[in-house]
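User: I'm new to this structure and would like to learn how to read it. Could you take me through it one feature at a time?

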Amino acid sequence: YKGKVVLHSTMAEALEPYKGKVVLLYTSYVTNQLFEVHYRQVQTMLAGLKVPFIEVDGAAPDMREVRSALWAVSESRTYPQVFVDNKFVGDMGMLQELVDAGQAGDVFKGYMAE
């Protein structure tokens, strides 16, 4: 996880519904096939870990505030990104490193389905 990020109150409010959840930030506006491949890989990794997650489409107009708040937390404007309890876990590469190192279970502990 990155350090604690202080969010503007409207950003904190935008993330309130996602507290205690795993979020996958992606975009349906794909201009780069690599983004699509990484998005599918993250979906597969989370499913393989039996981690239920909510998908947030950063390209959706009604998700603009949520996307901006998540980007503020991660300090990155890339797709896809994974968050646990509104804390940045990582992008596809970082998530793959956690899986390869056997640390994904620690990060998603309490969120994995039985």
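User: Which residues have the most contacts inside the largest nonpolar core?

Analyst: A general idea to begin with: in soluble globular proteins, nonpolar side chains tend to be buried together. Here we are reading a predicted model. Its largest nonpolar core has 18 residues, and V42, L46, V82, V89, L95 and F108 have the most contacts inside it. At least two core residues come from each of β1 (22–26), α2 (33–48), β3 (81–84), α4 (92–100) and α5 (104–107). With four residues, α2 gives the most to this core.

User: What does L46 touch, leaving out residues up to four places away in sequence?

Analyst: L46 touches V51, F53, V82, L95 and F108. There is also a second, separate core, made of 16 residues, with Y18, A60, A69 and F88 among them.

User: Let's turn to helices. At what angle do α2 and α4 pack?

Analyst: Two packed helices are described by the angle between their axes and the distance between the axes. For α2 and α4, the angle is about 30 degrees and the axes are 10 Å apart. Since angles under 35 degrees count as roughly parallel, α2 is roughly parallel to α4. Their crossing is left-handed.

User: Which residues of α2 and α4 meet?

Analyst: From α2 come H38, Q41, V42, M45 and L46, and they meet M92, L95, Q96 and V99 of α4. Sorted by class, the contact of α2 with α4 has six nonpolar residues, three polar ones and no charged ones.

User: Which residues are buried in helix α3?

Analyst: In α3, residues 64–74, the buried ones are V66, R67, A69, L70, W71, V73 and S74. What covers them includes α1 (9–15), β1, β2 (54–57), β3 and β4 (87–91). After α3 comes E75, which has a positive phi near 60 degrees.

User: Back to F108. Is F108 buried or exposed?

Analyst: Buried means under 20% relative accessible area, so F108 counts as buried at 0% relative accessibility. F108 sits in the segment after α5. Leaving aside neighbours within four places in sequence, F108 contacts V22, L46, L49, V51, V82, V84, V89 and L95.

User: And where is V107 found?

Analyst: V107 belongs to helix α5. With 16% relative accessibility, V107 counts as buried. From C-alpha to C-alpha, V107 and L15 are 20 Å apart in space, while 92 residues separate them in sequence.

User: Now the backbone. Which peptide bond is cis, with omega near -15 degrees?

Analyst: That is the bond from Y79 to P80. You can find P80 in the loop between α3 and β3.

User: What is the phi of D85, and what is the phi of N86?

Analyst: D85 has a positive phi of about 55 degrees although D85 is not a glycine. For N86, also a residue other than glycine, phi is positive and near 65 degrees. D85 lies in the loop between β3 and β4, and N86 is found in the loop between β3 and β4 too.

User: Are D85 and N86 buried or partly exposed?

Analyst: D85 counts as partly exposed, at 27% relative accessibility. N86, with a relative accessible area of 14%, is buried.

Terms used. Residues numbered from 1 in each chain as written. Predicted model: local features only at pLDDT ≥ 70, side-chain atom pairs only at ≥ 80, totals over all residues. Heavy atoms only, no water. Core = buried A, V, L, I, M, F, W, Y, C linked by side-chain atoms within 4.5 Å. Buried < 20%, exposed > 50% of the residue type's maximum accessible area, 1.4 Å probe, protein only. Contact = heavy atoms within 4.5 Å. Axes fitted to C-alpha atoms, helices over the stretch in contact; angles between N-to-C directions. Parallel < 35°, antiparallel > 145°, perpendicular 65-115°, else oblique. Left-handed = near helix turned anticlockwise from the far one by under 90°. Nonpolar A, V, L, I, M, F, W, Y, C, P; charged D, E, K, R; others polar.
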